[in-house]
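Me: I'd like to learn how to read a fold like this one. Can you walk me through it?

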Amino acid sequence: MIQQYITDRLRKSLEEAVKSGEVRIEVIPSFTIETPPNKQFGDFSSNAALVLARHAGMSPRDLAQILVKRLTPDSLIERVEVAGPGFINFYLKTQWLYDVLLQIEAEGDRYGTCNIGQGRRVQVEYVSANPTGPIAVVQGRAAAFGDALANLLEAIGYNVFREYYVNDGGSQIEHLARSLEVRYMQVLGYDVQLPEDCYPGEYLIDIAKELVESDGDRYLHMPEEERLSIFNDIAVSRIVEKQKQSMDAFGVRFDCWYSEKTLYTSGKLEETLELLRNSGYVYEDEGALWFRSTDFGDDKDRVLVRSNGQPTYLASDIAYHLDKFRRGFEYVIDIWGPDHHGHVKPVLAAMEALGWGGRLEILLHQVVRLFNEGELVRMSKRAGDIILLDDLVSEVGVDAARFFFLMRGAETPLDFDLELAKRQSSENPVYYVQYAHARICSILREAAKTAGVEQVQIPPATEVNLSLLTAEPEKDLMRKLFEFPEEVRTAAETREPDRLTRYAMDLASTFHIFYRDCRVLNNDNPDLTASRLVLVNCTRIVLRNALRLLGISAPERM
């Protein structure tokens, strides 16, 4: 890569300066090679002199001058200058931009990928909504974020396993069964009220109606414990199936839907508790079993088993995470909702106590508020106390929903503008990006029509005169295309898919400026037309690759 070449030249110049006695330094710390915010500062800029100066006992600018005099021009570098307090700016020959087009054309769908991960197995667990109701909008945000992050990790070489944790154990499932029981009796005509601790959503009425239609009142004649057990299984299975349908419709698929209940039936929970007892980090107090999580930086110790003998949610969560590592995952990433903040430290502490410290990462996403024409959208009656993802998707479509969810960092609360998401104009960011791709496809179709063929045959980049691409909008577009692999790598490593939405918008904007200022199909200059067709096709490839990583379609017509 070009950055690595510049890094190597800088290191070599420093080694020469040390050998000559001009610089005395023993440790060479890392420094950066970045694209400067303004083109007047070159194609790339380095803070090497600022970082190295303290170790060399020199002023950054003096050290920069020593390094720069050894950075003589070559086949890539046109000139190097010192700027400000000691930044080193590199101005490259235009050929490096043409090489970008050659690389994009050669790599196609693979452009932007790398093998930093080297095939290491990573499990990403996300959404994991309780099976007590439909998928809500806030969980849709987790779905978009988790799916895009998994795509990005795969793009940089990790072997990614996507998992959904079904919380089908615990008291919330007991409340669910009781809720279905009440709805079942109401459908049969009994005058019973829904208790306050039950789920009010009308989706349970649908399940109750199906039960009455298929089985009549036969469940009323069963012992209560048996009836609730059956209603438990029915409610969970129907709701989980609906959740799967919602995820499929949203373009999100999991490799595994993991049942919490299996932790109890398989003995894994008891085994985990025994391991914690043997670790020395567990004690009993007032009949309850406690985990000494304060030994690992938590603000208080946590209960694992209540005095009534019932394990806590934390106990099953620890068993679940231990099972993740025992399944061979080298690293695990959890994406949790904002209401799980207090659960992060104890789970991390437990993994450390069990010998898996440093291999679990927990990310929290924040809430979503929907606005329509400036008004806050109220909750869904069918869901009871949430706004459904399905309802949002029916309003704005999958692409807009995913793009808008990914426009902000997951740790930031998100205000979702429904009116903007539905707008088919350049004001709508996803429309703006997709329209850039569609416009390129239109240019290629027009080129084919002009040539009298069904599909245009874009000449290989190696066979056209790329040196004709000298206009500033052309060079700006090539620079932006060059940035894509670094954006992908950084977005994956920093867990920030929103970087890619911003990049896609910037690339679309750069393309639209190019299209405005540079006529692609020019009958008076077929050689320039050929070169520009290569450029727009490379832009199409990168736009498509970026949208694919975000889980968004790249339409050819709009």
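**Reading the fold**

Reply: Start with the inventory: the chain has 20 helices and 15 strands. Helices (H or I, at least four residues) and strands (E, at least two) are DSSP runs, numbered from the N terminus. This is a predicted model, where local features need pLDDT of at least 70 and side-chain atom pairs count only at pLDDT 80 or more, while totals for chains, interfaces and linings use all residues. Residues are numbered from 1 along each chain as its sequence is written, and side-chain values use heavy atoms, with hydrogens and water left out.

Me: What percentage of the residues count as buried?

Reply: Buried means under 20% relative accessible area, exposed over 50%, and partly exposed in between (1.4 Å probe, protein chains only). Here 52% of the 558 residues count as buried.

Me: Is Glu196 buried or exposed?

Reply: Glu196 is exposed, because its relative accessible area is 84%. You'll find Glu196 in the loop between α6 (171-187) and α7 (203-215). Its C-alpha atom is separated by 77 Å from that of Thr72, 124 residues apart along the chain.

Me: How do I read a sheet?

Reply: Strands of a sheet pair through backbone hydrogen bonds, either parallel or antiparallel. Two strands count as paired if DSSP finds at least two bridges between them. In this model, an open sheet of 4 strands runs β1-β2-β4-β3, with antiparallel pairing. Its edge strands, β1 (33-34) and β3 (77-83), each pair on one side only.

Me: Which residue stands opposite Phe44?

Reply: That's Phe90 in β4. Strands β2 (residues 44-46) and β4 (residues 87-92) pair in the antiparallel sense over 3 bridges.
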